[in-house]
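Me: I'd like to go through the labels on this model and see what each one rests on. Can you take me through them?

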Amino acid sequence: MDFNDYRLSDSINTKKSTFVTVFNKTDLAPTSIEFIRFEEKKERYIWAHPDEICFVKSADYYVKSLIKYGNQKKWLTRHSTLKELLDILPVGIFIRLNKFYLLNLNYFSHINESENLLYFNDDSSIAIPHRISPFLRHLLKSTYTWNALYEKGL
């Protein structure tokens, strides 16, 4: 690990020694985070870039995240709340659907309201048993409509 990845913040001088507090740069600038650690199995970790996170759901003080892992998707966990995870994710890419879910808009395709399914752009889907506000449903529908029109060149 390179010492330049850290910066010295405070030092306290006493008669016997000097204490130095060291902070990791990613703790200081969460928008510059490159990878986030998730647990695949007990004590087996995978580091994922925020662009690889498709969907996140709350599980008390853990979050279960659907991560694009090569050509497949895997559910991985992280000891965090949705709010804590949202604070370190890039702004403008993720939307909080309700108190249980986060969605990466780059993977979103459309919502089937009658079946409560959310579709991703690779035609896979996930059940959304909890309510999404009418405002967000409208926003997501309009996003889907604009993306469809853009892809058709209209």
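This is a predicted model: local features need pLDDT of at least 70, side-chain atom pairs count only at pLDDT 80 or more; totals for chains, interfaces and linings use all residues.

Me: What makes Phe35, Tyr45 and Trp47 a patch?

Reply: They form a nonpolar patch on the surface, with about 350 Å² of accessible area together. Phe35 itself lies in the loop between α1 and β3.

Me: Why is the contact between Lys73 and Asp122 called a salt bridge?

Reply: The cut-off is 4 Å from nitrogen to carboxyl oxygen, and this pair has N to O at 3.0 Å. The pair links distant parts of the chain, with Lys73 in strand β7 and Asp122 in the loop between β11 and β12, 49 residues apart.

Me: Why is Lys83 called exposed, but Asp87 partly exposed?

Reply: Exposed means over 50%. Lys83 has 52% relative accessibility, so Lys83 counts as exposed. Asp87 has 47%, so Asp87 counts as partly exposed.

Me: And what separates Lys83 and Asp87 along helix α2?

Reply: About one helical turn, because they are four residues apart in that helix. They also form a salt bridge, with the closest N and O atoms 3.4 Å apart.

Me: Where is confidence lowest, and where is it highest?

Reply: Strand β1 is lowest, at a mean pLDDT of 37, and strand β5 is highest, at 94. Over residues 1-31, pLDDT stays under 50.

Key:
Residues are numbered from 1 along each chain as its sequence is written. Side-chain values use heavy atoms; hydrogens and water are left out. Patches are made of residues with over 30% relative accessible area and no salt bridge: like charges are joined within 9 Å, nonpolar side chains (Val, Leu, Ile, Met, Phe, Trp, Tyr) within 5 Å. Accessible areas come from the Shrake-Rupley method with a 1.4 Å probe; for residues, only the protein chains shown count as cover. A salt bridge is a side-chain nitrogen of Lys or Arg within 4 Å of a carboxyl oxygen of Asp or Glu. Helices (H or I, at least four residues) and strands (E, at least two) are DSSP runs, numbered from the N terminus. pLDDT is the predictor's confidence in each residue, from 0 to 100. Contact means heavy atoms within 4.5 Å. Buried means under 20% relative accessible area, exposed over 50%, partly exposed in between (1.4 Å probe, protein chains only).
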